[in-house]
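Subject: Structure for you, with notes

Hello,

Here is the structure for you to open.

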Amino acid sequence: MRIGIGGFSCECSTFSPLATGMDDFTLLAGDALLQQFGFPAEFPDVQFIPLLRARALPGGRIERRFYDDFLHDLLGEVDRQGPLDGLLLPMHGAASVFGLEDAEAHFFTAVRQAAGPECLISASYDLHGNLSAGVVDNLDILTAYRTAPHEDWYETVTRACDLLVTCLRRREVPVAVHIPVPILLPGEQTGTGWEPAAGLYGMLPRVIEEFGLLDASILVGYVWADEPRSSASVVALGTDALRVGQAAEALAQRFWDLRRDFRFGVHAGSFDVCVEWALAAAEHPVLISDSGDNPTAGGAGDVAHALGRLLELGVENALCAGITDSAAVAACEKAGCGAEIPLELGGKLDPLNGTPLRVTSRVVSLHSTVHQASGRPNRVAVLQCRGVVVILTERRTPFHHAKQFAELGLAPESFKIVVLKIGYLVPELQRMAALSLLALTPGAVNQDITGLSYRRLGRPMFPFDPDMEWRP
């Protein structure tokens, strides 16, 4: 049994001014690709063949030349290594490529043509993926994350592999039923750590057992992609077409029935209001999400709105992590540690949502780190700007882990307020926070979705059309 492993993964905000290109992607092939996954040891009768995989931090649309070159190379590997019994493709599901209407449908159509009709293709998806008929028609198996924050990425890829191997052993192609659900909400309202998403996703094991399915998935979709395919969806897999359809309808109907109940998982308000709440808190640190400029959702990471408000409000003992500004980092390096220098921070990558903030700061420390998403060098400067410590990065950098602060000589727990460019908190940050708040800030992934300039979104769609009616 010969199974090839590849994939293409990037979440793209069409509201972002950024272009995502070769320098943003990590490319893996050969042993380095296989080493990402431990499950091959669980299938001793399977020969896993590494093809090519590309993965990038969320951002703006992908440059067409990079995508075309990557796809050409991947298809070449499929042809060179073929014939293959199966393909395992860890994806995201919300890629957007300049000049393509539906990037993943284009991708899977080409892969299907190269692999041939007899090869079973299995894909794992982020639950923030946007599905289309063009995707489902070219896949045999699709399964998606069941948690947000995503604590089950590895379990999901393993499940996609297990389903693929099971179907190959049984020599069967499952029935797949895909129902687009006309709901599109931010991930910050649909996290699985609170209701109603916790209960909705909690239905999956019960529905799989009740209807005798191979698998079932609920995708909430990716809201910052202005594309016709953008929406929530349900996918069910099994061997009995009637039962598979009934299960998909039951899940889709339940999702629709809950549409008005989705809320932010923490208190949310303007940045100034969040600062007011934080200053009144008895314990620290209080973590404030600068949600509109979240790099892990596609934000540019250089909107200085939050820092500007901290300084204007005279906040002391705060940490701002961080702002992407390669020119400012270079200026800090030229000035050296201890220097007091005037800077214009941010507003360069995303001028639509912010302008440069003029400040005078002291350079506390300079660092050379490794960018976690791309593996490339990432220069960092730590500044003291009045009562606020500011982290500047050369590359867009989400700060999700304590070790990232430790390597800069910082302890977030020692600050009253920590501002992070993130949406909902990952588990490590949740454990760190005495209190967490969501600031509704400007940026390419602004939470005020009904105020964004959608032009191509399929309509009607909730909450854009709040009084619409629908049945699966």
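First, the ground rules. This is a predicted model, in which local features need pLDDT of at least 70 and side-chain atom pairs count only at pLDDT 80 or more, while totals for chains, interfaces and linings use all residues. Residues are numbered from 1 along each chain as its sequence is written, and side-chain values use heavy atoms, with hydrogens and water left out. Helices (H or I, at least four residues) and strands (E, at least two) are DSSP runs, numbered from the N terminus.

Two strands pair if DSSP finds at least two bridges between them. Strand 3 runs antiparallel to strand 4 (residues 47-56), with 4 bridges between them. L28 has R53 in strand 4 as its bridge partner.

Axes here are lines fitted to C-alpha atoms, for helices over the stretch in contact, and angles run from 0 to 180 degrees between N-to-C directions. Contact means heavy atoms within 4.5 Å.

**The largest nonpolar core**

A nonpolar core is a set of buried Ala, Val, Leu, Ile, Met, Phe, Trp, Tyr and Cys residues joined through side-chain atoms within 4.5 Å. Buried means under 20% relative accessible area, exposed over 50%, and partly exposed in between (1.4 Å probe, protein chains only). The largest core has 60 residues, and F8, I62, F107, F108 and Y125 touch the most other members. Helix 5 (residues 153-170) gives the largest share of this core, 8 residues. Leaving out residues up to four places away in sequence, F108 touches L89, M91, A123, Y125, V135, N138 and L139. In soluble globular proteins, nonpolar side chains tend to be buried together.

Look at strand 13 (residues 286-290). How many of its 5 residues are buried? The count is 5 of 5. V286, I288 and D290 point one way, and L287 and S289 point the other way. In a regular strand the side chains alternate between the two faces of the sheet. Strand 13 runs parallel to strand 19 (residues 417-420), with 4 bridges. It also runs parallel to strand 20 (residues 435-439), with 5 bridges. S289 stands opposite L420 in strand 19, and its bridge partner in strand 20 is L438.

Strand 14 (residues 318-324) is joined to strand 19 by 4 bridges, and the two run parallel. Here L319 stands opposite V418.

S361 is in strand 16. Its relative accessibility is 0%, so S361 counts as buried. Beyond four places in sequence, S361 touches A339, E340, I341, L383, Q384 and C385.

L408 sits in the loop between helix 11 (402-406) and strand 19. L408 is buried, at 6% relative accessible area. Its C-alpha atom is 8.8 Å from that of A381, 27 residues apart along the chain.

The axes of helix 6 (residues 197-210) and helix 7 (residues 241-257) come within 11 Å and cross at roughly 165 degrees. That makes the two helices roughly antiparallel (angles under 35 degrees count as roughly parallel, over 145 as roughly antiparallel, 65 to 115 as roughly perpendicular and the rest as oblique). L200, M203, L204, V207 and E210 of helix 6 meet R243, A247, L251, R254 and F255 of helix 7.

Best wishes
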